[in-house]
Amino acid sequence: MKKLFWLLVVVLVASMALAQQTRLRVFVGGQQRPDVMRKIFDLYQSRTPGVRVDVEVGGATSDQQQQYLTTVLASRDPSIDVILIDVIRPAQYLASRWADTIDKYLPAASRQALLRQYLPAYSQANVINGQLVALPGFADAMFLYYRADLLEKYGLKPPTTWDEAIQQAQTILQREGNPNLNGIGFIGAPAEGAVCTFLLPVWAAGGDVTNAQGQFSLTVEQAQRALQFWVGLMDQKVSPPNMAEKPQDTIRQEMQAGRWVFGTMFAYAWNRFQNDADSQVKGKIGVVPLPAFAGGRQASCLGGWQWVVSDFSRNKAQAHKLVRFLSSPEVSKILAIEASNLPVFPSLYRDPDILRVNPWFGQALPVVQAARARPQHPRYAEISEAIRVTTNQVLARQKTPEQGAREIVTRLQAIYGGR
Amino acid sequence: MTQPQPRIRRSFGDLSERALAFWLLVPAALLLGLVALYPVGRLLYTSLFLRRLTDETGNNPVFVGFQNFAQAFSDERFWTALWNTLLIVLVTVPGALVVGLLLALLANLPFRVKWPIRLGLLLPWALPLVFAGLIFRWFFDSQYGVVNDVIVRLGGERLLWVTTPELLFWAICFSIIWKSSSFVALILLAGLQVIPKELYESAAVDGANRWQSFWRITLPLLLPAILVAAIFRTITAFQTFDIPFAMQNGGSAFETLAMYVRTMSIENLNFGYGSALAVLMFLISFAVTLVYLRYVRGADD
């Protein structure tokens, strides 16, 4: 009888200890370095007794992750507490009421102070209709990667305009005479990255999808010129005719195998070129801001990932504390060193520890500061589809740039018109 | 032998045979209701509402009657998707039947070692559809694909299979036929094995050649199996999704009805309209199934 009593006491104590422990489940994509994230969560666990953080790893691309998350969130599943989302999604999360907004846990005054520390683009991207939906985890933007060894061989400096880049590519391709070497790589497959492909020349020419008041303002002429630019690269033979097949990571893999002179990609590529075992271009790659268009300006496409608390979480207060930690300078620095993720705090771009691992981060700050954001809209998925699928069809020469431009403008007009 | 009936009844309590049958069927009926009737009913219900998760109608759907269906009938993209789906049915069902019949005849030949052919028959069938799509996506890649490699070795030009609509359509059909003909072959093989051998023997005695006995014996006796295979294949062909989806890298230059339903609901979060499209697709599948049921009943008679 006594034994039974003590056993009961032990079970009771154990279950109370278990009940006190909060378990938080965090969703990150397969390409967002879950291994590094795990280290960060371990650090958090060691400092916050009673909290355990589990990682759930999702698909590789932003679209794949969101398809899974849509089913989880639309069914009000409480199993995920914190989610790492793409910079294009906060508006949709607010409209669908999937996010437990950060405001509830932040007095207005400290919210101002907090937001002022981040790069302005990310404070803007996360505040929708005056509500703070998420907090930035790491920054990203598109850059021009180039083969420093090849440019040096022919006495060329990294290009500052696209005309220069085209000429340099033509020179190098001609003199190298290597049938496996290509000129300028850009995202042509109908994935999310193709939205950036379409918008880069639009932005560089001073246009955008919406004006400062948020009204639709893209013209057929702007869209047509943008599409014509990329088709022109294939006409001038600096890009191969099968660009419509190529997603970003294919360009990255091919450049890693030494098959491109130039490539336009997001920041993640650097770490792979330098550290992957199969990389044939270690130490041969340079990074510069994307070139400008003649008579236009330089423009890059803003990327980056944000931490959001699920509105269906059962541990919202604890989840918010975790998100505040994940969006802190300390974590930003770990991500920069371990995963080459661009920091969301301007001051960290001068941090000596970070620059030792990523010497090009010094140049990256102005690019991220000047990078343009894709449209913010609750129906962004439809905007994205209209742009990326049509851009892909133009690159595949199924449609002329003019037909493609008309289609994009008509479809976006309908979405902005609420139809 | 004296009155066995009451003893059996007593062992099942007071239940009559009818009541027993009822209670034994309840779990199956519940399960069917849960996984088939409830979702279909819910789909019909949602299709009558304006419901987008991207605005306030996500939490407060607005009843709009048949407006979603009216929208579908004036939606160019719906008709294109329907037409594409029909083309897939028209090409891949006869294609799979012909290839499947050849495979079944081959497997039915009196080889000494039978397992290599039977394994070859089963493998494509056991492979998940999306894997088949990804594999063929690589086969038809313009730069790295085996198809273009063969064409170039034969002195031809590289073709942009995946991004040229006409070529893409045939590449998709080829992949679907490869994937689905093994299913057809399995059904036809079963049909072939029940044809009595004596018929061929007596035909041979009467001086019929192989071609004649195929035409006069095999084909007529195989007809019921061919019909079953054709109907099953048609139903799944109307639902074609995985292979064209996986082969296009997220693009929708060639879109089937099932792909459009997915884009509208899962990506655009427009559940009302997406449900209406799904209902239309359901009606088409239902009509084909009715044809099948009618045929099965006819065979029983």
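This is a predicted model: local features need pLDDT of at least 70, side-chain atom pairs count only at pLDDT 80 or more; totals for chains, interfaces and linings use all residues.
Residues are numbered from 1 along each chain as written, chains are lettered from A and ligands numbered from 1 in written order, and side-chain values use heavy atoms, leaving out hydrogens and water.

**View 1. A:Glu176 pairs up with A:Lys153.** The closest N and O atoms of this salt bridge (a side-chain nitrogen of Lys or Arg within 4 Å of a carboxyl oxygen of Asp or Glu) sit 2.6 Å apart. A:Glu176 belongs to helix α8 (residues 162-176) of chain A and A:Lys153 to helix α7 (residues 148-153) of chain A, so the link joins distant parts of the chain, 23 residues apart. A:Lys153 is exposed, with a relative accessible area of 55%. Here buried means under 20% relative accessible area, exposed over 50%, and partly exposed in between (1.4 Å probe, protein chains only). Helices (H or I, at least four residues) and strands (E, at least two) are DSSP runs, numbered from the N terminus.

**View 2. A:Arg25 meets A:Glu56 across two strands.** Their closest N and O atoms are 2.9 Å apart. Since A:Arg25 is in strand β1 (residues 22-29) of chain A and A:Glu56 in strand β2 (residues 51-58) of chain A, the pair ties together parts 31 residues apart in sequence. A:Glu56 is buried at 13% relative accessible area, while A:Arg25 is partly exposed at 30%.

**View 3. A:Arg356 and A:Asp353 share helix α15 (residues 352-357) of chain A.** Being 3 residues apart there, they are separated by about one helical turn. The closest N and O atoms of their salt bridge are 3.4 Å apart. A:Arg356 is exposed, with a relative accessible area of 63%, and A:Asp353 is partly exposed, with 30%.

**View 4. A salt-bridge network takes in residues of chains A and B.** Its members are A:Glu385, A:Lys399, A:Glu407, A:Arg411, B:Arg77 and B:Glu255. Over all chains, the salt-bridge count comes to 34.
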